[in-house]
Amino acid sequence: MTKPSLTELLHAAVAAVGGTERPGQVAMAEAVASAIDDSSHLLVQAGTGTGKSLGYLVPALAHGERVVVATATLALQRQLVERDLPRTVEALHPVLRRRPEFAMLKGRSNYLCLHRLHEGVPQEEEEGLFDPFEAATPTSKLGTDLLRLRDWSDETETGDRDDLTPGVSDRAWSQVSVSSRECLGASRCAYGQECFAELAKERARLADVVVTNHALLAIDAIEGAPILPSHEVLIVDEAHELVSRVTGVATGELTPGQVNRAVRRAAKLVNEKAADALQTAAETFEGLMELALPGRLEAIPEDLEYALAALRDASRTVISAIGATRDKSVQDEDAVRKQALASVESIHTVAERIAERSEYDVVWYERHDRFGASLRVAPLSVSGLLREKLFADRSVTLTSATLKLGGDFNGVGASLGLAPEGTAGVDGTPGADLPVWKGVDVGSPFDYPKQGILYVARHLNNPGREGTRADMTDELAELVEAAGGRTLGLFSSMRAARAAAEELRGRLDVPILLQGEETLGELIKNFAADPRTCLFGTLSLWQGVDVPGPSCQLVVMDRIPFPRPDDPLMSARQKAVEEAGGNGFMAVAATHSALLMAQGAGRLVRATGDRGVVAVLDPRLATARYGSYLRASLPDFWYTTDRNQVRRSLAAIDETARAEGK
């Protein structure tokens, strides 16, 4: 029997999901198929509306080897598992003559733990030992959530928190879930045979396509112990998020509250001397943290070094000593011991890592109004880790609408540990440590120059570090008024978003929604429902809003979103590039900003009928030397600095929408 062609397969899949085949989607599918066949690596930029999920799913399913697809957001995971994969598998089955299986796999704490549900949570000593289900009054929010979770446990097939609708609070979920460190293990747990997390792992082991998230992919790479089943093909969607997600997983934290919890949990399980040593170390650490000022620690102060060494040594002693419990009245001894071990091991790991003072780590103090001070440690770079762990022994395709920054893929490639595209070894063959890769931009189905305008308010003052920007607020008000509302305001800080919302609520007769005043989902729903409404917010809105149509015809960025100068990790990375002879500002700050601005500008045109303006109220985009790099990272909108032209265009777009009753 002849093997079905990629074109035939893609046509069947597109028809099944009710889509339209697009040249970019075909080009992407061909590039992915080629990379898989060659066991090479691919970075593919596919604009909004390309249909990129089918662009990689069809060649991956056709190949026949196991594929792992990692995404950054829950929304895309759900779309793949609930919509795209079922329809694609069904459509390809008659052509492929086989029905590929697919499964979703997440971290253990995302699944309901039956042991916790039925046996209760090991409690700290001063809280007493109690069943949270009995102690939580049914009339309280916690009590209601817990009773609903108990009922849900009898109905659910997955135990996946994201399948519970409506959801429950983090506090309630923590009563019925465990981390991988706290888990007793299927062989030692009375509920091991029914365990939702173990069943999810087994489904993944048998599946042809495993959908997971960037965090689990990072844990799989960093920890060494395989979590994901072996696979020949890895596809990373929303790949612009990968570096920050991997950095997050590789970041350690110590707080006084966390250390004190570990002390309480271990106290009953070890001898008095070991418990007292950990208690003393915890008190010393807490005393230091009360005086901690936010900022990077280029060198570890002597008093902190002493406190960390004491924590490390006392933790190590406790870990060794946790054996027979001293108090035989402790119920569910195994679970109590496992929870205590998990807490103390976490303290030991981070204290030891910071005390080692690796040149490849960045250490800093952070202070939060609500949670107090924390000590954090993160890798200076994850590029080496990604190069070594991600690109070995499998074909990797990374895709996103924003991978080509400043006109090429090399900026994103460098952050992933890749040498510049086309780099080869001395003899003309790729070096052993340089993965071979190719960058492909398959374009977008949208006609950006006709559908959108990029307006830079060149006449405004440069934004300063502090203070209000009265001229920016005036400009924003005029633009929103010309647009008749219909505005998504993307701000570099919550303070700026709040100030703009308060000012414009007093000036304009349009509803203005502000991030934080409702859940993000509710805000976006209300924004989409009424075209006159505006939505103002910060970082999560730059990437999380998908509102096609007349409700979003003006996207405003208050300033270029450079990292804060006092951001410990970003400033350390910038300095490291400079010390190596590179341009730290362009490699770190400009790349970071280009990625965010490309994502933000991408909120405007979400469908072929969309029209509108992206307005950047920061003249540096037009006047600074790096402005051309940032503009080259954005969609190819028609570009202007003429404020009157933009007002006329916005008014005309608004008038057209009103005439159409929108």
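## Exercises on a predicted protein model

L149 touches L112, L117, L164, V168, A172, W173 and V176, leaving aside residues up to four places away in sequence; contact means heavy atoms within 4.5 Å. This is a predicted model, where local features need pLDDT of at least 70, side-chain atom pairs count only at pLDDT 80 or more, and totals for chains, interfaces and linings use all residues. Residues are numbered from 1 along each chain as its sequence is written, and side-chain values use heavy atoms, without hydrogens and water.

**Exercise 1.** Find which residues touch the most other members of the largest nonpolar core.

*Solution.* Start with the term. A nonpolar core is a set of buried Ala, Val, Leu, Ile, Met, Phe, Trp, Tyr and Cys residues joined through side-chain atoms within 4.5 Å. Buried means under 20% relative accessible area (1.4 Å probe, protein chains only). The largest core has 88 residues, and L149 and L416 touch the most other members. Helix α24 (residues 584-601) gives the most to this core: seven residues. Helices here are DSSP runs of H or I, at least four residues, numbered from the N terminus. A second, separate core has 39 residues, including A282 and Y365.

**Exercise 2.** State what share of the protein chain is buried.

*Solution.* Take the 662 residues of the protein chain. Buried residues make up 51% of them.

**Exercise 3.** Say how far apart the centres of the positive and negative side chains lie.

*Solution.* Lys and Arg count as positive, Asp and Glu as negative; His and the chain ends are not counted. Each charge is placed at NZ of Lys, CZ of Arg, CG of Asp or CD of Glu. The protein chain has 72 positive and 93 negative side chains. The two centres lie 2 Å apart.

Technical notes. Buried means under 20% relative accessible area, exposed over 50%, partly exposed in between (1.4 Å probe, protein chains only). Helices (H or I, at least four residues) and strands (E, at least two) are DSSP runs, numbered from the N terminus.
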